[in-house]
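Hi,

Here is the structure I promised to pass on. Have a look at it first, and my notes on its aromatic rings follow below.

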Amino acid sequence: MPKYLAKISVNFTTKPILSLISLLMLLSLNSQQTQAQESIYDRLPNDLRRQVREKMQERREEMSDEERRIRRQIFRRGTDKERNEYMNKMTTDILKTMEEGQELLNTPDHAGIIRAWNNASYKRGEKIYKTYCFTCHGVDGTAALPAARSFNKDPLKAGNDPYNMWKTLTEGYNQMVPQLHYNEVERYDVVHYIMEGIMKENNPDNYFEIDEVYLSQLPKGLKMGSNQKLKGHPRDYGPVITSQIGYKHNLVATVKLDKSTHISYDILRMTQLDSWEGYLDLSSTQHMKQRGSGYPEVEGNKLKNLQTYYWCYGDDFTVHPPTNNKRNFRHDHEWDESPATYSQSPLPKNLLDYHGYYLHGRSLAFSYAIQGREVMEMPGVNRPVSSTILEHTFRIEPGQQNLRLCVGKFNGSPDFAGLMPLEGEPDGETEGPATDQILFAAKLGAAGLGQFVAASVIGDTDALKWEIDNKNRLGLHIGPSNKPFQFKLIRFNGESGVEINAYKKYISDQKSKNLFDLLAFKKGGPRLWNKEITSQGKLNVKRYHYDPVVWRDSDEDDERGGRRRRVWVQNDPAYVYDNITVPQKNPWNAWLRTSALDFFDDGRCAIATMGGDVWIVSGLDDTLKNVKWNRFAAGMFEPMGIKVIKGEIYVCARDGIIKLHDLNKDGEADFYETFFQDPEVPHNWHSYNFDLHTDNEGYLYFAKCGRYSEYTKPGAILKIAPDGKSHEMIAHGLRVPNGMLVDGKDVYVSGQEGNWVPSSRITYIPPGLKEMPFLGVSPTDTPLFDDYLKPMLWLPKEIDNSSGGHIIADHKRFGPLSGKMIHSSFGKGWLMYVMMEDIEGIRHGSTVTLPFQFEAGVQRVRVNPVDGQVYTVGITGWSEEIAEKDGVLCRVRYTGKKAYMIDQTHIKPDGIEVKFTFEVDRNIASRTQSYKIQQWNYEWTYDYGSPMMSVRRPGREGVDTVKITSATVSEDGKSVLIKYNDMKPADQIYLRVKIKSADGSRFDEAVYLTIHKIPAKG
């Protein structure tokens, strides 16, 4: 932008429209538009162009003299690009005031985007396809799933031209769900790659030739989208954000030192990873994208010669010991046996015992022990001279262990390396007391001192000693002490004698000042997020999901976006759901992707978000008119579980369990304690730790990802001691266990369809097993064992294509569902209740879906101890009917009305007994045609999921419809025994019930069962 454009600072008119300067700052053209040099004005329909031209004339007449002058400069001396920018901003401003113009601005310019296809868009599409799409459609276009299209041979049912392929990605089609986590251009990038990279050569009969006639017929729009990387730091994550950096450093705390300076620590080593001016590039991560698979990367200018900083554990200043990892699954899907490749596992606690960090306002202090000595460390920054100074304030507790800290290194061969008195000249010594001494290494130039790196300490320095070794490493010895002491380490890089003198003066000035007492961190600090946000709820949201069997049986040629038949809902229902508004608009631009929740005893709710926050929500009363949201914590590593234990919040994140302490009781966390450090932190973006529960003895449980993990035993459930100091694995072989439940000592865990998982499932892990059970998922394409622990209940894709968590609804106020398991589907955005029974020591399950269609994929379910109702949170799911919400908080509420529900199922020797919460119409309920039963099995293979396999004809695909021989109503009229021939164990039983109640009410419901054992007769 030319400088004179930036001088425009007044509106065209006094009307409430954006000023030109605001437009120039807020509206940026896509690079494709800029390259094409096309004007938005030129692309308008004739009638709209005339209206815009008239409004332009009106605004020109109202311009100030300065604005007229600048406009003349642009059109007389500016480039074509600058003139187009001016016209585009002015045109956009006018269009925003017009209804038709707003619609065009929000509609993609389909033809323009396609015309702009080039090698860069092809490469972007290829990257997206090979990151996500290949799991269903295959790397070479050969579909990996039965229902998916093979782009290298199949016709595309919803259209093979670019626009209709784009619509399939945008709206979904049949089992293909919308891919709204990609913007308009990215979706076209994928289409570009599929067409040119796969279909053109391998499927020419279905390849579409694009011409101008076709492009001219596409829907008109002006929005070109953008592939520009998000700039800046648009969200407030707090003083620190914990994440990966790249794919080799799996647990990093990035600390904001001031507005522009950051330092990152590898927490597994307490080693400085980087220090720089700038921030992290989060544009391709989950902080910015719904399914961001990219890694955070340092973005900015690294501080020169201030990158070396680490604790040493040997007899010299050699870098820390190698990682000693297990096998590592690299980002390019090859095994890497190199033990020092990644920072993945923590060091033994006798070397490094990381405790967490304290916050005091925007300042942070780490707490850890090095070789048994307790340390607090507060990083900081200052700029009293031309270059940046890094500062580290330490509190060292008493101990006899000598500690070594490498504080810098001169890169290259210095002309001088050694000590220099604070008052005086260098004396040539390479080691000595640190008091009033600067340790530095430097080059000499024609004008005297050249490039140098230096370090100094102030405060309690008696136990400190400097040493520079033969590898030009600046080392600090921290000697034994019988009392605690504090000091500040000051690190600096410069290029002249003037700068070293300024540095010495700064140190002298600092000596006269008292150090900040780090013990103040342990008393708590001021609030960072002191604005309470109020939202309201909507009672009885009548949003119901489709009939699942219609989904299964629907023709693939079903019209895209067609409305399927809704599931049956009783009149005046016993259960409804309420929706509480999540404050996505907040002062900190925090993205509330609600991933987990739990309750305090007083009914307040603690909610974790995928971006690292915890919020406290109150006001969850009958009316939901005054719901209060307070931000309690931020910056944690992708939490997927939360538990309130004795009034304190525990968060399950990628790096383990964090216990949050509000030290001064002001409503915000001051100490983020690492209660349990995960023994292995994987690098894959999808390697979450899921859920958090406790048993009746206080042990904590969470589940680890399997297929996307490098854990010793992939897909493990960890059981952590109540004090967090020890743990054990109780099961392994899970894929993506996005939820679990601990009820007393009974453990249940979900599983999502995928490789080695034929369909979604709920597995029961009984207590007291002699051997740790294997749950079926291998990290390779060969199984680890010949068999696995079968699930209590299989869940077919028609009701759950990606499981969430579950809970026992253990409050009597929850009506007929009290005492039952409530299971959530992340993929569908549904809830279902689960009924259980034991047959010959094997737990069996059956399930019925509740009718509600939630606006996001349901992640977690919890019971509010005050009102007894079930609450849910979730994030964007997989179903086309729920993709629009980033985060939700909902309540399923018992109304007290009569419930028409299936209450229990029992497997009998010759059939299935169904118990109801109501008395049935005996005449209708005794008819065999009132019921339908289908059965099928699944295959356990490396393939992604499994087709439905016939029970009658093993090894053949197909669903068996069984012949029902009788339906016998019980004496009390509340149960029916449905008998059928040749009853066999089956992975999946589908039972449809269409009857009436004794009072004439319609009842239409489906129940799904898994039968492992058929009880003996008699």
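Are Trp166 and Tyr188 buried or exposed? Both of them are buried. Please keep in mind as you read that this is a predicted model.

Some context for that pair: the structure holds 45 aromatic pairs. Trp166 and Tyr188 make one of them, and their rings are stacked, at 5.4 Å centre to centre with 15 degrees between the planes. The pair links distant parts of the chain, as Trp166 belongs to helix H9 (residues 162-171) and Tyr188 to helix H10 (residues 184-202), 22 residues apart.

Tyr265 has a relative accessible area of 0%, so it is buried, the cut-off being under 20%. Phe366 also counts as buried, because its relative accessibility is 0%.

Finally, two lysines for your charge–ring list. Lys719 has its charged end over the ring of Tyr699, 4.6 Å from the ring centre. In the other case, the charged end of Lys828 sits over the ring of Trp830, at 5.7 Å from its centre.

Conventions: Residues are numbered from 1 along each chain as its sequence is written. This is a predicted model: local features need pLDDT of at least 70, side-chain atom pairs count only at pLDDT 80 or more; totals for chains, interfaces and linings use all residues. Side-chain values use heavy atoms; hydrogens and water are left out. Rings of Phe, Tyr and Trp (its six-membered ring) pair if their centres lie within 6.5 Å; planes under 30 degrees apart count as stacked, over 60 as edge-to-face and the rest as tilted. Helices (H or I, at least four residues) and strands (E, at least two) are DSSP runs, numbered from the N terminus. Buried means under 20% relative accessible area, exposed over 50%, partly exposed in between (1.4 Å probe, protein chains only). A charge sits over a ring if NZ of Lys or CZ of Arg is within 6 Å of the ring centre and within 35 degrees of the ring normal.
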